[in-house]
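This briefing concerns the contact between two protein chains and the build of one of them. Please keep the sequence and the structure at hand while reading.

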2 protein chains.
Amino acid sequence: MNDVHPATQRDGVTPMRWNGWGDPAKAKELPFAVRALLPVLLGRVPKPPAPVELADVRIADSALTDADLVAFRGALSADRVRTDAESRLRHAGGRSTPDLLRRRRQEQEAPDAVLLPTTHDEVAACLAMAVDLDLAVIPFSGGTSVVGALDPERGTHRAVLSLDLTRLSGLVRIDPVAGEAVLRAGTTGPEAERLLAEHGFELGHYPQSFRYATIGGFAAARSSGQNSAGFGRFETMVVGLRVVTPTGEIELGRSPGTAAGPDLMRLFLGSEGIFGVITEVRLRVHPLPEQRLFESWTFPSFEAGAEGLRLVTQQGGGATVLRLSDEAETSVSLAQIGKIGKAMAKGASAITVYEGANIEERRARVSALLREAGGTSTGESAAEEWLEGRFDGPYLRDSLLDAGVFCETLETATTWSNLHALRDAVTSALKEGFADAGAKSFIMCHVSHVYPTGASLYFTILAGVRGDQLAIWEGVKSRVNDAIIAADGTISHHHAVGRDHAPWLAEEIGETGVRIIAAVKRELDPTGILNPGAVIADPYASTRGS
Amino acid sequence: MNDVHPATQRDGVTPMRWNGWGDPAKAKELPFAVRALLPVLLGRVPKPPAPVELADVRIADSALTDADLVAFRGALSADRVRTDAESRLRHAGGRSTPDLLRRRRQEQEAPDAVLLPTTHDEVAACLAMAVDLDLAVIPFSGGTSVVGALDPERGTHRAVLSLDLTRLSGLVRIDPVAGEAVLRAGTTGPEAERLLAEHGFELGHYPQSFRYATIGGFAAARSSGQNSAGFGRFETMVVGLRVVTPTGEIELGRSPGTAAGPDLMRLFLGSEGIFGVITEVRLRVHPLPEQRLFESWTFPSFEAGAEGLRLVTQQGGGATVLRLSDEAETSVSLAQIGKIGKAMAKGASAITVYEGANIEERRARVSALLREAGGTSTGESAAEEWLEGRFDGPYLRDSLLDAGVFCETLETATTWSNLHALRDAVTSALKEGFADAGAKSFIMCHVSHVYPTGASLYFTILAGVRGDQLAIWEGVKSRVNDAIIAADGTISHHHAVGRDHAPWLAEEIGETGVRIIAAVKRELDPTGILNPGAVIADPYASTRGS
């Protein structure tokens with residue numbers, strides 16, 4: 001199989017494995033220490049059959065007619081309208097564990113074609129044609145969604161297109177005085193940082209999907225990166241947007257601060273392609289940091305560590321990265337990919353990284369507060385190792401799935417005062433859900449995004465599931481989502497809604513909230529071609545208006 | 001006239017002058033130095049006739065029927081449904097200069113009745129009855145709008161009600177661990193700070209309207225306060241909202257950070273009562289500062305000072321207040337109310353205030369950057385005097401209007417790179433506008449809100465207008481708004497849109513933006529009873545959808 005397929009090949013970017021995470025050259029066997037640990041934690045699980053090869057997958061023929069193809073090939077060049085099986089399968093979904101389990105099946109669903117526009121105007125032309133021809137459109141960039149936002153769902157339409165935006169990339173302009181840069185939506189994380197670095201600037205947005213995900217995707221999904229303690233969520237970096245909708249274009253973000261009506265930019269941030277396609281994002285950037293400083297910490301308990309993070313965040317902060325693992329995650333050294341399972345550490349470990357100006361001053365302030373909460377510094381190495389391996393977690397999942405071990409992550413957030421109750425509720429729902437399915441599970445948790453009023457909780461789940469992993473997980477996940485809503489957590493802190501979380505978003509924002517999103521959707525996309533079923537289930541049925 | 005009228009009297013709050021700013025006891029004659037300066041700046045202007053007395057104003061009879069009144073008196077107690085002339089005139093508009101000029105006329109427009117609900121449920125009942133009875137509703141709290149958001153506009157409805165929310169006040173609950181407090185919408189600035197201080201906390205939102213404006217008004221209008229360098233705009237303090245709309249209620253803000261769809265809270269922040277009535281606001285609060293430190297600065301020019309503010313904001317900041325007056329404002333010492341016109345200072349003066357932790361450290365960092373931009377410290381006194389008089393500017397306006405001098409303010413914002421071009425464009429439009437009307441004008445400007453990518457510009461305008469001040473200002477203001485849009489500024493940084501800025505908001509957000517707001521409006525308020533004409537002119541005509 002030719003992994004460097006033109007459907008995803010771009011300058012200097014090695015495309016992802018079609019059925020797993022990341023660079024195929026980096027895929028590895030499970031480390032010995034992990035293999036030794038798994039039976040202890042989860043019992044023995046049978047090794048599953050080898051994954052299906054791409055060439056052996058069966059998908060339905062494209063539902064597009066020759067006339068459809070002629071129309072799109074007239075607007076884009078012929079090689080940017082693809083209906084071959086590999087192109088379609090590479091756009092068949094995201095990278096959640098359910099997505100990867102589906103990629104192991106012989107029968108799969110895929111979009112009917114992949115379009116590869118290279119300009120804003122080509123995106124507009126694609127949408128206009130899709131409206132005319134009654135075709136659904138799924139905006140697609142890095143393909144790293146873990147919430148079903150990329151499912152090839154055609155809704156009530158004739159067929160479904162994947163609109164691949166990765167050719168729409170690059171730096172449009174930079175304003176070094178204002179510290180603003182305009183990037184095209186399909187620019188990946190590394191490409192953005194390379195282009196900005198040529199001008200001495202950095203964006204500083206490093207989610208785990210960094211190497212593949214794109215600027216437009218970060219915006220559409222309200223991403224949050226590992227440096228959020230220092231630079232904020234992605235939406236706080238966005239100062240302007242350019243969007244094409246099926247019924248008109250819009251440019252937003254005229255001023256760094258404004259009271260000119262509701263903030264419509266915040267409607268498109270988090271809209272996950274249901275209102276329009278983001279084509280350009282104007283971002284706040286900052287000078288490349290001259291210095292970086294690491295420090296690791298240990299706390300007697302997760303509770304003590306969380307108190308330390310709270311003090312730091314409420315009393316002036318200053319760290320660029322603040323990250324706290326619970327006892328379970330600490331015990332297997334999950335935060336240091338290279339060391340996983342080797343050193344059985346006690347307590348709760350934390351990582352701090354400082355970048356930018358006044359580093360020593362900031363470290364002194366943060367360290368004093370962490371010590372006040374019972375923390376002890378453990379030097380630089382663990383934090384450095386975390387940085388080294390921080391984008392590699394998903395490779396480990398592929399190896400676990402190959403070994404028959406179920407592995408997935410999920411996340412939520414709440415106030416500092418509700419943090420432990422929410423963590424307990426999620427952990428219990430997971431453990432009981434798997435136990436009811438006869439599976440042992442091992443649940444780890446960390447805090448990686450902090451706010452003055454609260455923090456996120458990120459869970460990594462291993463389970464010794466026998467039988468249909470997909471079906472069992474669907475039941476457990478539904479139970480966890482119910483538990484999150486009941487315990488006042490958000491259904492997603494940074495993975496977004498997609499199709500997987502849509503029923504729980506409705507509970508989170510209520511009937512009036514759903515009606516608002518549906519009203520905007522019907523106004524901008526009256527025929528409902530954009531990402532049907534994502535964010536809210538049915539915007540054309542759920543409302544009282546008009 | 002009984003100024004302590006029950007229509008606006010609340011615990012410990014002295015109601016505003018019905019036809020001017022603030023506490024009637026604080027109204028003063030113009031200081032001698034100002035009286036001496038005015039003819040030099042503006043030429044001599046004739047003293048206008050004395051303002052009309054409230055008892056002499058003529059308003060139309062209330063258009064409400066006895067049946068209407070019986071209905072509302074059934075839901076609220078009888079004394080909280082008012083149709084007397086004083087109650088109606090006290091709710092006839094906001095506090096822009098055009099509002100105050102209208103209050104000087106013998107014939108005035110006023111709402112047909114004033115409703116005074118005391119609970120969330122009473123607000124819901126009022127809206128439900130207004131829908132049933134076909135009555136427009138203008139939400140009203142502090143009455144400090146300067147953009148025509150409170151005009152008694154009935155639109156297509158039978159009559160118009162002022163929904164006075166000031167009885168809906170107080171602290172609902174506080175969470176000292178999360179640093180969150182829930183305040184009812186009608187709580188004034190001083191009341192909020194007093195209630196929070198009892199628990200050792202502060203909100204830290206100090207717009208010039210602080211003494212009268214309310215928490216719900218700050219939210220609805222996307223307010224920004226004088227401490228915004230330290231604590232951010234009001235919308236960044238809001239972590240939750242409770243809203244009643246004509247078709248349902250909504251509670252938003254489940255989590256400190258979330259990727260659960262678009263941020264609907266940001267739709268209500270800045271909605272100025274056109275989507276619903278905010279009844280409760282959950283806010284991020286912080287411990288009361290133990291220390292406060294003042295330092296004043298002088299720069300050779302406004303440009304040098306702006307560069308200093310930019311360096312501070314982009315390189316780590318640390319000041320709670322950052323404020324820079326241009327040469328004109330500096331020359332008359334406008335920033336120090338007690339000194340106005342006395343000390344003719346040179347250059348551009350700036351004020352820094354530091355509150356909270358690590359004050360000396362932060363001052364050292366900020367001071368180094370201000371010096372780098374050419375600033376010289378001038379000690380504490382000017383900054384302390386600014387703090388002393390910072391809410392008193394509008395009193396001076398009343399005295400100027402009494403003396404026949406036209407006085408108004410307006411504001412905008414843009415990026416650091418566009419700041420001086422925008423300031424020049426606004427200043428020219430003002431000067432030329434007044435000159436064309438045969439009036440000399442004196443235009444002052446300051447920066448009081450800074451962001452990493454840009455800053456606000458706040459203009460104070462004095463003009464020696466002869467003839468119809470209201471008509472002449474309408475022409476000048478229209479010209480300035482055109483200039484702001486043409487020069488890439490926002491139509492409002494913190495005064496909001498109201499009716500006065502609505503045509504220019506449409507230019508700022510474009511046709512698609514207007515359609516989005518209209519679609520949400522039609523969904524939540526299908527009969528259009530809420531604040532007709534505010535924010536966008538006609539949500540029921542301007543759209544293509546449904």
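Between chain A and chain B there are 38 residue pairs in polar contact, both residues at pLDDT 80 or more; a polar contact is a pair of N or O atoms within 3.5 Å, where within protein one must be able to donate a hydrogen and the other to accept it, and residues adjacent in sequence count only if both atoms are side-chain atoms. The model is predicted, so local features need pLDDT of at least 70 and side-chain atom pairs count only at pLDDT 80 or more, while totals for chains, interfaces and linings use all residues. Residues are numbered from 1 along each chain as its sequence is written, chains are lettered from A and ligands numbered from 1 in the order in which they are written, and side-chain values use heavy atoms, with hydrogens and water left out.

**Chain A's side of the interface**
- Elements of chain A that each supply at least two residues to the side touching chain B include β9 (248-252), α11 (302-314), β16 (406-415) and α18 (502-524); helices (H or I, at least four residues) and strands (E, at least two) are DSSP runs numbered from the N terminus.
- The most is given by α18(A), with 14 residues.
- By class, this side has 34 nonpolar, 27 polar and 21 charged residues; Ala, Val, Leu, Ile, Met, Phe, Trp, Tyr, Cys and Pro count as nonpolar, Asp, Glu, Lys and Arg as charged, and the others, Gly among them, as polar.

**Extent of the interface**
- Chain A and chain B each bring 82 residues to the contact, which means heavy atoms within 4.5 Å.
- About 6200 Å² is buried between the two chains, 58% of it from carbon and sulfur atoms; buried area is the accessible area (1.4 Å probe) that two parts lose on being put together, summed over both.

**Salt bridges**
- Eight salt bridges cross the interface of chain A and chain B, each a side-chain nitrogen of Lys or Arg within 4 Å of a carboxyl oxygen of Asp or Glu.
- Arg515(B) and Glu523(A) form a salt bridge through their side chains (2.8 Å, N to O).
- Within chain A, Glu307(A) and Arg310(A) form another salt bridge (3.0 Å, N to O); both lie in helix α11, three residues apart, about one turn of the helix.
- Over all chains, the structure holds 63 salt bridges.

**Chain A as a whole**
- Chain A has 18 helices and 18 strands.
- Its C-alpha atoms fill a box of roughly 70 × 60 × 50 Å along the principal axes.
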